[in-house]
Amino acid sequence: LWSQIRRSYHALIHRGERTYAIEIGPILDLFDCYEDVHKRSCSPRGRPQATYDIQRQVVSGGHGLVAVAFDRENDEWISAAYVIYDGPWAYYASGPTLRPNVQHAIQWKILQALKDYGVMHYELGYLPEHPTAKDHNIQGFKTGFGGTDWTQEIHDVELSAL
């Protein structure tokens, strides 16, 4: 895994591991930390509580993994990630953060944990057809973890025909 990581990420991962306490697992207490970081990192209007409740159910059902980073110096949770997995497949669903360059170490820890869980494929997401500058930055971050880029065809179902 390490050999596929973009070389410039190595120092960021090591620094993140030294600086922050990173915890990972399908543990509901960690989901509470994820929810806290997500709410603090979102726009003021946020998102409905029901969406967090659904994510919590996925974790409690054994198909969700949460990783969180704790800043020991300032005594606060500052970054998190939420992953959905089933059998050999996993999907990176969300990664709220309050500090730059923390997600590198979190993603590295997730890759290691997923390998231990027997997951063979980790989907980091897609680039929209008409990407914004933010989308390009996110995609640049994701491609730094190696793997293979592939195109997925999207099939639209015309609902009026049903």
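**Rings, loops and a helix**

Mentor: Let's start with Asn 101, found in the loop between β4 and α4 (103–116). Bear in mind that this is a predicted model.

Trainee: What makes Asn 101 partly exposed?

Mentor: Its relative accessible area is 40%. Buried needs under 20% and exposed needs over 50%, so at 40% Asn 101 is partly exposed. Its phi is also positive, about 65 degrees, although Asn 101 is not a glycine.

Trainee: Now the aromatic rings. How many aromatic pairs are there?

Mentor: The count comes to nine.

Trainee: Why is the pair of Phe 31 and Tyr 82 called edge-to-face?

Mentor: Take the distance, then the angle. The ring centres are 6.1 Å apart, and the limit for a pair is within 6.5 Å. The planes stand at 75 degrees, and over 60 counts as edge-to-face, so that is the name for this pair.

Trainee: How do you know whether Phe 31 and Tyr 82 are buried or exposed?

Mentor: The relative accessible area is 0% for Phe 31 and 2% for Tyr 82. Both values fall under 20%, so Phe 31 and Tyr 82 are buried.

Trainee: What else in α2 is buried?

Mentor: Besides Phe 31, the buried residues include Leu 30, Cys 33, Tyr 34 and Val 37. The buried residues of α2 pack against β1 (20–25), α3 (49–60), β2 (64–71), β3 and β4 (89–94).

Trainee: Which charged ends sit over the ring of Tyr 52?

Mentor: Those of Lys 39, at 5.2 Å from the ring centre, and Arg 47, at 3.9 Å. Both distances are within the 6 Å limit.

Trainee: Finally, what is the mean pLDDT of the protein?

Mentor: The mean is 90, and 93% of the residues reach 70 or more. Take care with residues 158–162, where the pLDDT is below 50. Beyond near neighbours in sequence, that stretch has one contact in the model.

Methods: Residues numbered from 1 in each chain as written. Predicted model: local features only at pLDDT ≥ 70, side-chain atom pairs only at ≥ 80, totals over all residues. Heavy atoms only, no water. Phe/Tyr/Trp six-rings, centres within 6.5 Å; stacked < 30°, edge-to-face > 60°. Buried < 20%, exposed > 50% of the residue type's maximum accessible area, 1.4 Å probe, protein only. Lys NZ or Arg CZ within 6 Å of the ring centre and 35° of its normal. Helix = DSSP H or I, 4+ residues; strand = E, 2+ residues; numbered from the N terminus. Contact = heavy atoms within 4.5 Å. pLDDT = per-residue confidence, 0-100.
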